[in-house]
Amino acid sequence: MTGPTGKRVPHAVHTADCIADSAGGITFDISGAARPGALLVLRRRGGRPGEAADEVRLPLTGSGGSRLRAALPSTVDLAEGHWDVRTGVTGDQPVRPGVRDVRALIDRVPESGRVFARIPYPTPDGRLAVRSWVRAPHAEAGTVRCDQDTATVEGVLYGSELGEGAEAEARLRGGDRTHRVAVTGRGGTFAFTLPYGPLAAEPVEKRQWWDLWLRPARDAAGIRISRILDDVWDKRAIHVYPGHRADGWLAAPGYTGDNDFCVRLDPAPAASPAR
């Protein structure tokens, strides 16, 4: 079995059932006769093993029969990123995902301005991992309405409030172009309508990604607009919105693999010649 980087990883011999709670904690029940004294180890992908910021070690205790349990409290920090779940005395064994109960994450409302979210999920190669987000402040996307050539986005702002001159900003990924539109709302809510036309003011010769940010007040720093307060770790194939076709380009709003809101522009295919 190979990991996301293409490197071979040990075969997973243990299975973990997970229960996520609304406060951000996760309980892991391990089967597969993991022996007492072993640990459940969470390692941040791309991090340095053994570094305090990139590895969390949780004790496994008996929970009946051959099952062992580990609890990740909401008070334990997990930096933003993907955390692979492993077990064994040295944390050398990947873990297979079992039953994942994440119902408590649906429509979660944070209690403070510092927003964090954690979702256990299965990786493409059959292992268990946890996706962690840490945002302060945070702009949570909600309802998205698509008209003929615009997208209207409504959302909730945590850790900040709208002030004078609030704007939404579309930034061309890998480029220096931006487009801003006015934001309406009050306190912790926001809404804006983004026309696609200005994003395609220059010829669309290859795929473009426009990332959406919220500026809560004039000259304020941008806050990435995302949707992380639910039970879906990757929304690309779940939240699919209608696209718009214009002369020479196609536009469609959606989410990135990190659940950040964006607009995708593609060159329109050439029309077939009349016969």
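Which strand holds threonine 152? Threonine 152 sits in strand S12, residues 150-158. Strands are DSSP runs of E, at least two residues, numbered from the N terminus.

## Model basis

This is a predicted model, in which local features need pLDDT of at least 70, side-chain atom pairs count only at pLDDT 80 or more, and totals for chains, interfaces and linings use all residues. Residues are numbered from 1 along each chain as its sequence is written, and side-chain values use heavy atoms, without hydrogens and water.

## Threonine 152

Threonine 152 counts as buried because its relative accessibility is 8%. Buried means under 20% relative accessible area, with a 1.4 Å probe and protein chains only. Its side chain makes a 2.8 Å polar contact with the side chain of threonine 193. A polar contact is a pair of N or O atoms within 3.5 Å; within protein, one must be able to donate a hydrogen and the other to accept it, and residues adjacent in sequence count only if both atoms are side-chain atoms.

Beyond four places in sequence, threonine 152 contacts Thr143, Val144, Arg145, Phe192 and Thr193. Contact means heavy atoms within 4.5 Å.

## Nonpolar cores

Phe192 and Leu265 have the most contacts inside the largest nonpolar core, which has 32 residues. Among the elements giving two or more residues to this core are S12, strand S15 (189-195) and strand S20 (261-267). A second, separate core has 30 residues, including Phe28 and Leu229. Such a core is a set of buried Ala, Val, Leu, Ile, Met, Phe, Trp, Tyr and Cys residues joined through side-chain atoms within 4.5 Å.

Terms used:
Helix = DSSP H or I, 4+ residues; strand = E, 2+ residues; numbered from the N terminus. Buried < 20%, exposed > 50% of the residue type's maximum accessible area, 1.4 Å probe, protein only.
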